[in-house]
Amino acid sequence: MELSSPLRSTFLFPYSPRLDRLKGMWKDVSDTHDPPTFFESAAMSFTLRDATLADIPVITDIYSESVRNGVATYEIAVPDQSEMTTRFSTITGNSYPYIIAVDGDGIVIGYAYASAFRTRSAYRFLVEDSIYLAPEARGRGVGKALLQELIARCTDLGFRQMVAVIGGAHPASIAVHRSTGFVDSGTMKGSGFKFGRWLDTTFMQLALGEGLETAPAEGVYPDTLYGA
Ligand SMILES: CC(C)(COP(=O)(O)OP(=O)(O)OC[C@H]1O[C@@H](n2cnc3c(N)ncnc32)[C@H](O)[C@@H]1OP(=O)(O)O)[C@@H](O)C(=O)NCCC(=O)NCCS
């Protein structure tokens with residue numbers, strides 16, 4: 001169970017920007033976990049690591065803010081921690097990546113995960129990405145770093161396409177996806193209705209690895225997803 005992992009909690013503590021020392025510390029202690037990814041910019045320092053059940057309360061807070069105030073998600077009722085835990089377990093139980101960004105004070109400032117676009121078997125090589133940041137963390141490169149990490153992990157796992165389903169054609173969301181190589185793949189007009197107005201949904205897509213140039217490997221993840 002990830003909650004009991006001492007290696008992960010090591011990097012929940014506030015850290016100084018002495019990144020080389022921290023990278024060395026991680027190298028010394030870890031031979032079984034993916035290392036956190038360290039970032040430093042003029043605006044803020046942050047690390048990326050796998051999310052755990054212990055992060056669900058903050059993840060719920062971050063997502064709730066977007067449900068209440070934004071059109072990135074078409075949910076209207078705020079889900080509680082129990083529901084967010086169920087969703088987390090479904091996603092990680094299917095071995096999709098679920099990662100968080102932690103600032104220099106140890107505070108979770110954003111998260112991202114990949115999940116099924118649809119669970120019909122033929123969709124098994126396609127993943128949808130989701131990214132949500134606390135308002136104060138936006139516009140500082142955190143979303144792009146989370147998305148790049150998600151892309152790298154999904155590529156390594158063998159997925160072949162990633163789709164972004166962008167609610168309300170939100171400019172920041174379109175920008176972060178374009179910035180990481182996604183291309184437009186269509187708009188579904190009037191597909192949502194929230195805050196008293198019709199919303200267009202923009203689809204963007206990125207080929208992962210060999211994309212559709214080759215057939216995927218048979219009998220290994222993700223070919224085994226959804227009873228294929
Ligand atoms: C959308 C979101 C994830 C983007 O993350 P972010 O950390 O704010 O974006 P970044 O700072 O990493 O910026 C990435 C790129 O997008 C651009 N960008 C960011 N916000 C922008 C905005 N409001 N308008 C136009 N471009 C914007 C940046 O200039 C940058 O471009 P570059 O790489 O060419 O320099 C974040 O703003 C967020 O959580 N928003 C609310 C929830 C949401 O919309 N989630 C998306 C669900 S699909």
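Biologist: Which residues does A114 touch, not counting those up to four places away in sequence?

Modeller: In this predicted model, A114 touches Y96, P97, V127, E128, D129, L150 and C154, leaving out residues up to four places away in sequence. A114 itself is found in strand β4.

Biologist: How many residues apart along the chain are A114 and Y96, and what separates their C-alpha atoms?

Modeller: A114 and Y96 are 18 residues apart along the chain, while their C-alpha atoms are separated by 5.7 Å.

Biologist: Is A114 buried or exposed, and why?

Modeller: One counts the other C-beta atoms within 10 Å, and 20 or more make a residue buried. A114 is buried because 23 other C-beta atoms lie within 10 Å. For the protein chain, 26% of the 228 residues count as buried.

Biologist: Which residues of the largest nonpolar core touch the most other members?

Modeller: That core has 39 residues, and I99, A101, Y111 and L146 touch the most other members. At least two core residues come from each of β2 (45–50), α3 (56–69), β3 (98–103), β4 (108–116), β5 (126–133), α5 (142–157), β6 (161–166) and β8 (197–207). The largest share, seven residues, is supplied by α5.

Biologist: With what is L146 in contact, beyond its neighbours within four places in sequence?

Modeller: The contacts of L146 are L48, I99, A101, G110, A112 and I131, once those neighbours are left aside.

Biologist: Which residues come nearest to the ligand?

Modeller: There are 23 residues around the ligand, of which A72, G143, K144, A175 and S179 come nearest. Two or more residues of this shell are given by each of β5, α5, β6 and α6 (171–179). The largest share, six residues, belongs to α6.

Biologist: What pLDDT does the protein chain average, and where is the pLDDT below 50?

Modeller: The pLDDT expresses the predictor's confidence in each residue. The protein chain averages 86, and 81% of the residues score at least 70. Over residues 1–33 the pLDDT is below 50, although this stretch has 35 contacts in the model beyond near neighbours in sequence.

Methods:
Residues numbered from 1 in each chain as written. Predicted model: local features only at pLDDT ≥ 70, side-chain atom pairs only at ≥ 80, totals over all residues. Core = buried A, V, L, I, M, F, W, Y, C linked by C-beta atoms within 7 Å. Buried ≥ 20, exposed ≤ 12 C-beta atoms within 10 Å, placed from the backbone. Helix = DSSP H or I, 4+ residues; strand = E, 2+ residues; numbered from the N terminus. Contact = placed C-beta atoms within 7 Å. pLDDT = per-residue confidence, 0-100. Near = placed C-beta within 6 Å.
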